[in-house]
Amino acid sequence: MLPWKRALRPLAALLLAVAAAVVPAATATADASGTAATSSGWNDYTCKPSAAHPRPVVLVHGTFGNSVDNWLGLAPYLTSRGYCVYSLDYGRLPGVPLFHGLGPIDKSAGQLSAFVDKVLAATGAAEADLVGHSQGGMMPRYYLKFLGGAAKVHALVGIAPDNHGTDLNGLTNLLPYFPGAEDLLDAATPGLADQIAGSGFLTKLNAGGDTVPGVRYTVIATKYDEVVTPWRTQYLSGSDVRNVLLQDLCPLDLSEHLAIGLFDRIAFHEVANALDPAHATPTTCASALG
């Protein structure tokens, strides 16, 4: 048996890696339905989609994120370009404020389903587009595949999504060496357990193919991702899929897992291209200034 100090090091590293996904907390308010309060022009239920942007955009935060903090960069970016933008809180655990996305992911997908219905009813649109970061780029696939979402969604854009789970640079392989750790993870934070590569949730999600007909998929990844690893597992396979590596657009972009979703305007430009491919413009390093 390893000396106790040596045995604790891998566990500490695992916890640090999970903590790396924590978004800096800002004040976020939400009603009982999981709807964030109106902030900086988004979550405005009087907004009516335009002819140029006929579909509302629903933003889906990542693990430990929430409907405000995760989108302080991208939501204003999209609203300033004429989109009706909405965000929700999902996967909330009792007694845990601000840090969400920790509940069972299939239940979170049900919360997304209800929220999309609410947005479509308010805007009068027939379909929505979804943009998600990390778990928020993967979880909607359950909604599309099993909860009827494909009939209500035109496109899904995943920013650093863990579509096939993560091994946290191999750290999840250490869990069996800590008796009871996996059971504790399942019980306390099922949303984390569901994202470990090889989980029952991911096996069900990816069985029979990554995509469903009628939805356009875009994945935007960074090779410097330290949370969803190996980074290539973020990519999807399917007939209507576009997989994009951020460094192919701008080799100088060093964004990792958090930065690509929080403030990387090069990634944001590519999100806008994915939402409106008919008017897409080349994404380059100069897009950071746009």
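Modeller: Some terms come first: a residue is buried under 20% relative accessible area, exposed over 50% and partly exposed in between, with a 1.4 Å probe and protein chains only. A salt bridge is a side-chain nitrogen of Lys or Arg within 4 Å of a carboxyl oxygen of Asp or Glu. The model is predicted, so local features need pLDDT of at least 70, side-chain atom pairs count only at pLDDT 80 or more, and totals for chains, interfaces and linings use all residues. Residues are numbered from 1 along each chain as its sequence is written, and side-chain values use heavy atoms, with hydrogens and water left out.

Side chains of opposite charge can pair when their charged atoms come close.

Asp106 pairs with Lys107, with the closest N and O atoms 3.7 Å apart. Asp106 is partly exposed at 29%, and Lys107 is exposed at 53%.

Asp210 pairs with Arg141, and here the closest N and O atoms are 4.0 Å apart. Asp210 lies in the loop between helix H8 (200-206) and strand E5 (216-221), and Arg141 in helix H5 (residues 140-146), so the pair ties together parts 69 residues apart in sequence. Helices (H or I, at least four residues) and strands (E, at least two) are DSSP runs, numbered from the N terminus. Asp210 is buried at 13%, as is Arg141 at 2%.

In the salt bridge of Glu270 with Arg242, the closest N and O atoms are 2.2 Å apart. Glu270 belongs to helix H11 (residues 265-275) and Arg242 to strand E6 (residues 241-245), so this pair links parts 28 residues apart in sequence. Glu270 is buried at 2%, whereas Arg242 is partly exposed at 43%.
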